[in-house]
Amino acid sequence: MSGYVGILVSDPWLQNQFTQVELRSLKTHFMSMRREGGRLTVGELASKMSRLKVVGENLTEEERASYIHDLYHNVDDDVDFELFLRVYLKLQAHASARTGSTAKDSSAFLKAATTTFSLHTISESEKASYVAHINNYLAQDEFLKPYLPIDPSTNDLFEIAKDGVLLW
């Protein structure tokens, strides 16, 4: 079974500035902004970032535009996800300094509703218990005969469940 990786950013410092929930939400917003015009430029960030709660509610579009222009002089440059994150962090810090709040004091930092994903890890003893139960109760099932018994020391349980065989 392949492990969950999440949204990866090439700069480790930048990666550590956000939770995976924040990165997924910001990535969704970034992709939406790019889809609207086919590309996203530095000059468009000020208006497009109005959707992001901290920078959208605490800074006017003119303030965002002025601050972005001071940081990045070529407004026609394309924006990739990492540049988007850097601009977001700088605007967030600027907005927080203006309002006197900390950068991450809002649990709902985006205007749009976000979905929280949860990651569950399973211990070897849990996996062994599930496998023993399945092997015991489904051993006589003709359809599952090619898949059983499942070896508890491997990840076969997850591969069979992923294919939907056990769920059928």
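What follows is a walk through the fold, the nonpolar cores and the aromatic pairs of this predicted model.

The model is predicted, with local features needing pLDDT of at least 70, side-chain atom pairs counting only at pLDDT 80 or more, and totals for chains, interfaces and linings using all residues. Residue numbers start from 1 along each chain as its sequence is written, and side-chain values use heavy atoms, with hydrogens and water left out.

On the fold itself, the protein chain has eight helices and zero strands; these elements are DSSP runs numbered from the N terminus (helices: H or I, at least four residues; strands: E, at least two). Of the 168 residues, 32% are buried, taking buried as under 20% relative accessible area, exposed as over 50% and partly exposed as in between (1.4 Å probe, protein chains only). Among contacts (heavy atoms within 4.5 Å) with a separation of 6 or more, 59% are between residues 24 or more positions apart.

Now for the inside. A nonpolar core here is a set of buried Ala, Val, Leu, Ile, Met, Phe, Trp, Tyr and Cys residues joined through side-chain atoms within 4.5 Å. The largest one has 29 residues, and Met 49, Phe 81, Phe 84 and Leu 85 have the most contacts inside it. Leaving aside neighbours within four places in sequence, Leu 85 touches Val 9, Leu 14, Phe 18, Leu 23 and Leu 26. A second, separate core of nine residues includes Val 131, Ile 150, Ile 160 and Val 165.

Then there are the rings. The structure holds four aromatic pairs, meaning rings of Phe, Tyr and Trp (its six-membered ring) with centres within 6.5 Å; planes under 30 degrees apart are stacked, over 60 edge-to-face and the rest tilted. Phe 18 and Tyr 88 make a tilted pair, at 6.3 Å centre to centre and 40° between the planes. Phe 18 sits in the loop between helix H1 (12–15) and H2, and Tyr 88 in helix H6, so this pair ties together parts 70 residues apart in sequence. Phe 30 and Phe 81 are also tilted, at 5.6 Å and 55°, and ring pairs link Phe 30, Phe 81 and Phe 84 into a cluster.

Finally, Lys 27 lies over the face of Phe 81, at 4.5 Å from the ring centre (the criterion: NZ of Lys or CZ of Arg within 6 Å of the ring centre and within 35 degrees of the ring normal). Lys 27 is partly exposed at 28%, whereas Phe 81 is buried at 9%.
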